[in-house]
Amino acid sequence: MFRRSLRRFVHEQFVPQQSRWRAQHGPDARSWIDAGRAGLLLPDLPANYGGGGGTYAHQAVVLEELAQAGIHFGCSVQGVVAQYLRAYGSEEQKQKWLPPMARGELVASIAMTEPGAGSDLLGIRTSARRDGGVYVINGSKTFITNGQHAALVCLAARTGQGSAGSRGFSLIMVETGDLGGYRVGKPLEKVGMHGQDTCELFFDDVRVPGGNLLGAAEGNGFAQMMEQLPYERLSIGVLAVAAAERAVAITTRHVRDRAAFGKPLMDLQNTRFKLAECKTQAHIGRVFMDDCIERFIAGSLDEASTAMAKYWLTECQCRVIDECVQLHGGYGYMTEYPIARMWADSRVQRIYGGTNEVMKELIACSL
Ligand SMILES: Cc1cc2nc3c(=O)[nH]c(=O)nc-3n(C[C@H](O)[C@H](O)[C@H](O)COP(=O)(O)OP(=O)(O)OC[C@H]3O[C@@H](n4cnc5c(N)ncnc54)[C@H](O)[C@@H]3O)c2cc1C
């Protein structure tokens with residue numbers, strides 16, 4: 001029932017707006033409120049914080065329905081920030097921010113990456129210096145999803161001295177409305193995912209209440225990020241499987257409809273074999289992902305399996321979609337065709353959320 005109602009909402013409310021979202025490099029503020037009303041935001045958060053009261057399975061349904069409709073909407077990042085608040089926020093922080101996030105009135109982003117620190121988060125330079133009851137923040141972040149609309153930024157900043165190592169970082173919740181010294185850059189020009197905004201954020205002597213620290217004490221930011229990154233990586237895997245399945249479905253329709261040498265492309269053995277290979281890969285991905293979701297809900301999904309899901313499923317997505325572009329011929333290179341956009345959109349899946357090379361390092365640690 002949840003999937004059916006979401007599917008109707010996505011097709012009636014979001015699909016018709018896609019070309020406009022792409023042109024303006026992001027969704028409208030209004031769409032967040034609509035998403036909140038439809039139950040699309042934070043379905044896996046307890047109801048007493050305004051969430052849907054479900055499990056990660058509900059979040060997976062949301063991500064799948066969006067991916068099946070070819071929509072990129074930052075609700076996954078909204079969910080990630082909610083997980084940080086749920087795990088480390090004080091009761092006051094949870095009551096203040098989670099209900100408006102679930103209603104779509106408050107859009108959140110997570111800001112870790114900097115021009116000089118991506119995979120190597122220990123290189124973060126953005127600093128938060130304690131000055132009486134406030135933090136004074138200086139630095140910049142890049143590639144931040146939801147940056148344009150975000151009124152709440154979960155910021156990774158250096159609170160300790162250089163010698164503090166991984167204990168030198170903290171997460172600080174920054175409310176950006178009318179905040180002096182805070183600036184959002186123009187949406188970045190990406191290769192794909194044009195309908196989702198990605199920005200740079202700048203902090204110039206930004207003053208934030210000391211009570212916005214996430215967790216009981218400074219110095220836990222790095223450990224908190226390492227603990228919560230699996231949630232984000234699992235979600236990337238969910239999107240990957242749904243996209244691979246969608247690619248097989250739309251390509252199957254295309255090769256049935258289009259003819260060459262007097263017969264449908266589907267009658268060519270190469271077409272059937274390639275699609276059979278793609279369908280098999282997508283199905284293997286689905287079975288692995290369902291297993292990961294079950295184990296995640298049971299609290300028994302290990303870091304190596306999450307890294308395997310992120311790495312393998314996104315590689316699978318890119319392989320399948322690339323093959324499907326080939327089966328579309330020249331039409332597969334025209335952005336008017338969904339498969340062309342999927343090809344451009346999919347590439348980043350192997351990069352963000354921790355690159356696939358970093359995933360392999362994590363898997364190797366379990367050997
Ligand atoms: C569209 C988009 C949205 C994003 N959204 C967000 C967001 O909302 N919030 C946020 O904080 N960040 C976000 N990011 C940033 C993303 O997480 C980083 O781009 C990613 O972690 C890689 O960091 P980097 O770009 O600095 O690449 P680098 O770290 O410079 O990596 C470059 C290459 O070196 C390789 N490499 C690095 N270290 C190792 C290693 N130890 N072993 C082997 N190879 C290695 C990498 O795998 C990669 O191939 C987003 C990025 C994009 C493109």
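Predicted model: local features only at pLDDT ≥ 70, side-chain atom pairs only at ≥ 80, totals over all residues.
Biologist: Which residue forms a salt bridge with K96, and how far apart are the closest N and O atoms?

Modeller: Side chains of opposite charge can pair when their charged atoms come close. A salt bridge here is a side-chain nitrogen of Lys or Arg within 4 Å of a carboxyl oxygen of Asp or Glu. The partner of K96 in such a bridge is E175, and the closest N and O atoms are separated by 3.2 Å.

Biologist: How many residues apart in sequence are the parts that the pair of E175 and K96 ties together?

Modeller: Helices (H or I, at least four residues) and strands (E, at least two) are DSSP runs numbered from the N terminus. E175 is partly exposed at 30% relative accessible area. Because E175 belongs to strand β5 (residues 169–175) and K96 to helix α6, the parts they tie together are separated in sequence by 79 residues.

Biologist: Which helices does the salt bridge between R286 and E245 tie together?

Modeller: The closest N and O atoms of R286 and E245 are 2.9 Å apart. R286 is buried, with a relative accessible area of 15%, whereas E245 is partly exposed at 23%. The pair ties together parts that are 41 residues apart in sequence, so the helices in question are α8 (residues 269–297), which holds R286, and, for E245, α7.

Biologist: Which residues do salt bridges that share partners join into one network?

Modeller: A search of the whole structure finds 16 salt bridges. One of them pairs the side chains of E315 and R350 at 3.8 Å, N to O, and because E315 lies in helix α9 and R350 in the loop between α10 and α11 (356–365), that pair links parts 35 residues apart in sequence. Bridges with shared partners form one network, whose members are R3, R7, E64, E65, E245, R286 and D290.

Biologist: How are helices α7 and α10 oriented towards each other, roughly parallel or roughly antiparallel?

Modeller: Axes are lines fitted to C-alpha atoms, for helices over the stretch in contact, and angles run from 0 to 180 degrees between N-to-C directions. Helix α7 (residues 221–257) and α10 have axes 10 Å apart and pack at about 155°. Angles under 35 degrees count as roughly parallel, over 145 as roughly antiparallel, 65 to 115 as roughly perpendicular and the rest as oblique. The relation of α7 and α10 is therefore roughly antiparallel.

Biologist: What is the handedness of the crossing of α5 and α6?

Modeller: The axes of α5 (residues 75–88) and α6 (residues 91–103) come within 10 Å and cross at roughly 160°, which makes α5 roughly antiparallel to α6. A crossing is left-handed if the near helix is turned anticlockwise from the far one by less than a right angle, and right-handed if clockwise. For α5 and α6 the crossing is left-handed.

Biologist: What is the phi of M193?

Modeller: M193 lies in the loop between β6 and β7 and counts as buried at 7% relative accessibility. Although M193 is not a glycine, its phi is positive, at about 50°.

Key: Residues numbered from 1 in each chain as written. Heavy atoms only, no water. Buried < 20%, exposed > 50% of the residue type's maximum accessible area, 1.4 Å probe, protein only.
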